[in-house]
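Here are my notes on this one, as promised. Have the model open while you read.

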Amino acid sequence: MEITMPDSVLDKKIDEAVQKRLEDTGLIGRTIDINEFRKKYCGGKSAEWVRQMIFDRYPEVNFDKGGWVVNPRTSPQGRKAIIFEKQAAKWIEKHKFELDWNERII
């Protein structure tokens, strides 16, 4: 049995598979701190900007609620934010247009 399909369909499927493989292998299990996160994903915004505009406004990012940041703020449980990079990168990509990147911190 032989299956034929247009080259454009095949190219698209190959591109999707390669992209998924790159996403899955590059960040699996990697954690970063808030400084690396803010520089890499938030345009160099301050750590406090990230805490107020992302961690405080979107409580679902908190690890305790199933999210990707452990200790979003200093607490008796811990002082340092630990960010699971793969999940954080996906979240930023999904929410990048919801964030007001020009908003100033209080």
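1. Ground rules. This is a predicted model, so local features need pLDDT of at least 70 and side-chain atom pairs count only at pLDDT 80 or more, while totals for chains, interfaces and linings use all residues. Residues are numbered from 1 along each chain as its sequence is written, and side-chain values use heavy atoms, with hydrogens and water left out.

2. Aromatic pairs. Searching the whole structure turns up 7 aromatic pairs (ring centres of Phe, Tyr or Trp, its six-membered ring, within 6.5 Å; planes under 30 degrees apart are stacked, over 60 edge-to-face, the rest tilted). Take Phe37 and Trp68: their ring centres are 5.4 Å apart and the planes sit at 45 degrees, so this pair is tilted. Phe37 is in helix H2 and Trp68 in the loop between helix H3 (47-56) and strand E2 (69-70), so the pair ties together parts 31 residues apart in sequence. Helices (H or I, at least four residues) and strands (E, at least two) are DSSP runs, numbered from the N terminus.

3. (Buried is under 20% relative accessible area, exposed over 50%, partly exposed in between, with a 1.4 Å probe and protein chains only.)

4. Trp68 has another partner: with Phe55 it makes an edge-to-face pair, 6.1 Å centre to centre and 70 degrees between planes. Phe55 belongs to helix H3, and the two residues are 13 apart in the chain. Phe55 is buried too, at 5% relative accessibility. One aromatic cluster takes in Phe37, Tyr41, Phe55, Tyr58, Trp68 and Trp91.

5. Helix H3 itself is mostly covered, with 8 of its 10 residues buried. Among them are Trp49, Arg51, Gln52 and Phe55. What do the buried residues of H3 pack against? They pack against H2, E2, strand E3 (82-84) and helix H4 (85-95), where contact means heavy atoms within 4.5 Å.

6. Have a look at Arg38 in helix H2 (residues 34-41). Arg38 is buried but has no salt bridge, and the nearest side chain of opposite charge, Asp33, is 7.5 Å away. (A salt bridge needs a side-chain nitrogen of Lys or Arg within 4 Å of a carboxyl oxygen of Asp or Glu; Lys and Arg count as positive, Asp and Glu as negative, and His and chain ends are not counted.) Beyond its neighbours within four places in sequence, Arg38 contacts Gly43, Gly44, Lys45, Ser46, Ala47 and Val50.

7. Lys45 sits over the face of Trp49, 5.3 Å from the ring centre (NZ of Lys or CZ of Arg within 6 Å of the centre and within 35 degrees of the ring normal).
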